[in-house]
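This report is written for a reader who is meeting the structure for the first time. Please keep the sequence and the model in view while reading.

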Amino acid sequence: MKSWGGGANSRRPITVGLLLFLSLGSALAQSYRIPEIESRSAVVMDAATGHIIYDKNGGELIPPASMTKLMTMYLVFQEIQAGRASLQEIIEPPPESWARNQLPLSSLMGLAPGQRLSIRELLLGMAIHSGNDAAAALALRFAPSVASFVDRMNQTAAAMGLEHTFFVDPSGYSELNQTTAQEFAYFCRHYLTEYPRSLEDFHSVLEYAYPLAQHVAEPYRDAPETRVQRNRNSLLGQVQGVDGLKTGSIPAAGFNIALTAERGGTRFIAVLMGAPSSPGGDRIRDEDGRRLLEWAFDEYKTLRPPLPFLEPPRVWKGRQNSTRLIFREEPVFTVPLERGEDLLWVLDLEGPIIAPLGAFSPVGDLILYDSIGELARFRLLTAEDLERGGFFKRLFDSIRLFFQR
């Protein structure tokens, strides 16, 4: 990838009519390739940028079903990160979490009286078995009651700005749990940003056997009734790059899935909700997910361009004559697959930088072009406080600025 620097306020000449024609042609071509899916609601997001490239009824409220368990896992990881627990910690599941005490038709890990297992194993039981019993056991490890743990789930969702996401249990069993594909995709982005190891350690694990002899009480160790269950995300190993995240299904929601896949430095998150709840709905959901991910990788990529050296601009009327500039956010963005070659950076300052000025004050943009047109612009901030200069420095700079203008 080539990179050119441009002077302040410089521009590469671009024919507006040609730009409009090329952009319109590209948009029309992409519109013909957008896949049709049967799921009621779906969103595809670039995990690096948060940019949504596909949205079908993404704001519709639908119960997340067992995708809810991702929020439960998120809170457990927070506790571990804070040093209040560890993956190796051994617990004895309380009666409220035993499989026999769960609601009818629950998906279960198989917790029973007298068992002992680690927090890591309970997390695997949620990620792979989708165990409602495992969700209850972890909720009761980190809160005095399931209800108080659910309060924390809702407080966390609110703190993330998820205005329409609401939980009533840690497993997703209830149809009163609510979210949207858009909001759950944003949550998944938070989750993966903070806990990327969860993919390798939990969500991409294909199968898990429980209980083993070491988990059960002494009298049962010769015959622990071990069950081997495969990960319910059937796209693992079937679609290139898929390494998470979580399926879910209840009659009120149909079949849901939160998917993520990475190829060549680009990671997408796809949340699909409301595939038909009738027999075969899981296959429809999975085919929809496959179609959306293949389309996303065929059409878009995450661009992380090499950053140009930013010459420190002049500071007027200050104690110092120049200042460093920094980016407000990381210059990473989502582009159509064919864009982003032969790049040109243009520094566009809003005017002279005049002291006094505080650190992190916006002073302009760095604009990125390719041969088709503008790709992105990134806000530039001062890297430090710019203190006012002495009387003669201010007077001399004022005169120079007057004649420059």
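Which residues does S361 touch, not counting residues up to four places away in sequence? S361 touches L380, L381 and T382, where contact means heavy atoms within 4.5 Å. S361 is found in the loop between β16 (353–354) and β17 (362–369). With a relative accessible area of 15%, S361 is buried; buried means under 20% relative accessible area, exposed over 50%, and partly exposed in between (1.4 Å probe, protein chains only). Helices (H or I, at least four residues) and strands (E, at least two) are DSSP runs, numbered from the N terminus.

The model is predicted: local features need pLDDT of at least 70, side-chain atom pairs count only at pLDDT 80 or more, and totals for chains, interfaces and linings use all residues. Residues are numbered from 1 along each chain as its sequence is written, and side-chain values use heavy atoms, with hydrogens and water left out.

**Salt bridges**

The structure holds 18 salt bridges, each defined as a side-chain nitrogen of Lys or Arg within 4 Å of a carboxyl oxygen of Asp or Glu.

| Pair | N to O distance | Helix |
|---|---|---|
| D201 and R197 | 3.1 Å | α7 (residues 197–203) |
| R290 and E287 | 3.5 Å | α8 (residues 281–299) |
| R291 and E287 | 3.5 Å | α8 |

D201 and R197 lie four residues apart, about one turn of the helix. D201 is partly exposed at 23% relative accessible area, whereas R197 is exposed at 54%.

R290 is three residues from E287 and R291 is four residues from E287; about one helical turn separates R290 from E287, and about one helical turn separates R291 from E287. The relative accessibility is 33% for E287, which counts as partly exposed. R290, at 31%, is partly exposed, and R291 is partly exposed at 34%.

Elsewhere, a network of salt bridges links E79, R84 and R152.

**A hairpin**

Strands β2 (residues 41–46) and β3 (residues 52–56) pair in the antiparallel sense over four bridges; two strands pair if DSSP finds at least two bridges between them. M45 stands opposite I52 in β3. Five residues lie between β2 and β3 in this hairpin, and G50 in the turn has a positive phi of about 80°.

**The nonpolar core**

In soluble globular proteins, nonpolar side chains tend to be buried together. Here the largest nonpolar core has 58 residues, such a core being a set of buried Ala, Val, Leu, Ile, Met, Phe, Trp, Tyr and Cys residues joined through side-chain atoms within 4.5 Å. The residues with the most contacts inside this core are L122, L123, F187, Y191 and V271. Leaving aside neighbours within four places in sequence, L122 is in contact with I91, M109, L111, L117, A134, A137 and L138.

**The largest pocket**

A pocket is an open set of points on a 1 Å grid over the protein atoms alone, where a 1.4 Å probe fits, with protein on both sides within 12 Å along at least five of seven lines; lining residues have an atom within 4 Å of a point. The largest pocket is lined by 27 residues, of which S66, R232, G248, S249 and I250 lie nearest its centre. The elements that give two or more residues to this lining are β8 (242–250) and α8. The largest share, five residues, comes from β8.
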